[in-house]
Amino acid sequence: MKRHLTTTALLGTATLVLGAMLAWVPGPAAEAQAPDVLKQIQPNDEMLKNGATLFAANCASCHGEQGKGDGLAAAALNPKPRNFHSKDAWKNGQTFAGLYKTLEEGLPGTPMGSFNHLPATDRVALINHIRSLAKANYPDPTAQDVETLQKDYSLAEELAAGGEKALIPVAKAVELLIAEDAPKQAKVKQALAKLKAGTDKGSMLISSSSYDQERMLTMLVNSGDSWRGNVQDFSKMVMYNAEVNGFRSMTGSYTSAQWSELQNALKKLL
Ligand code: HEC
């Protein structure tokens, strides 16, 4: 599905392509090797450096730069982001498997979203960054952790896939759409610039609801006017696959008033 597709054909098949991507599953599973995996998830300097960078970009806004639960957004959140230096109030716990589960699934019904759009190697780096903040609070990963994660999330295959996570083909499909459809591309670019410059409440809400604004806007532009109607349909469409569409999974805990506000802000922008 590369170069020779015309724009019209491409747009015609966009739904199909994205539909197929949603059903994408990792290839044949390699035999899980627990001791190897246990070795792979041990931190080294490079992993910790990567983990710190990922943390600053993805987590610090809520959890604070030092992970004390005091990020810029924390004041507005309920429940409050976890303090990684404390043992109190943990839901999935401070074991390696507990941390991985949290990043895989989020804590539903709270602002803590899933981060399974990040490659497993990045999530492991993030976990090791958190563990490095208060070593005594976090038990070392065990063979039992690895076994649980293998059973629940095919950890070995996820790690072997490295940066090539399930979302990459979708990102490529979206890139392709952007590359081959100039008017829509222009619309997305224009909206993106407007959004970046905007300091009003609506722009802030859009920005904080999305982890990848280009992807979010592209999805909306490509779906025509279908998202502009009834707010329930809009929220359903976003939530159907929030992360693939560039939205944060925390939108799942928005109230109907927040959904309306978000929809209206997007209507104004696009
Ligand atoms: C939008 C704000 C927000 C962002 C961004 C965020 N978190 Fe959270 N996180 C929370 C909140 C709020 C809680 C506590 C929820 C609760 O008490 O149920 C939480 C809880 C957690 C927990 C504790 C789980 C447990 O067992 O109780 C971990 C671990 C965690 N976050 C890791 C991360 C990491 C790593 C990132 C970045 C990749 C991240 N969070 C980004 C808001 C956020």
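Q: How far from an oxygen atom of the ligand does a backbone N or O atom of N92 lie?
A: This is a predicted model, in which local features need pLDDT of at least 70, side-chain atom pairs count only at pLDDT 80 or more, and totals for chains, interfaces and linings use all residues. Residues are numbered from 1 along each chain as its sequence is written, and side-chain values use heavy atoms, leaving out hydrogens and water. For G93, a backbone N or O atom lies 3.3 Å from an oxygen atom of the ligand, whereas for N92 the value is 2.6 Å.

Q: What is the geometry at the iron atom of the ligand?
A: H63 (NE2) and M112 (SD) coordinate the iron at 2.0 to 2.1 Å, donors being N, O and S atoms within 2.8 Å of the metal (3.2 Å for Na, K and Ca). The angles among the 6 donor atoms run from 87 to 178°, and six donors are octahedral if opposite ones are over 155 degrees apart and all others between 65 and 115. The site is therefore octahedral.

Q: How many residues apart in sequence are the parts that H63 and M112 tie together?
A: H63 belongs to helix α4 (residues 60-63), helices being DSSP runs of H or I with at least four residues, and M112 to the loop between α5 and α6. The pair therefore ties together parts separated in sequence by 49 residues.

Q: How many of the 14 residues of α6 are buried?
A: Buried means under 20% relative accessible area (1.4 Å probe, protein chains only), and the covering of the buried residues includes α3 (45-58), α5 (96-105) and α8 (155-160). Helix α6 is largely enclosed by the rest of the structure, because its buried residues number 11.

Terms used:
Buried < 20%, exposed > 50% of the residue type's maximum accessible area, 1.4 Å probe, protein only. Helix = DSSP H or I, 4+ residues; strand = E, 2+ residues; numbered from the N terminus. Contact = heavy atoms within 4.5 Å. Tetrahedral: all angles 85-135°; square planar, octahedral: opposite > 155°, others 65-115°. Polar contact = N/O pair within 3.5 Å; in protein donor to acceptor, adjacent residues only side chain to side chain.
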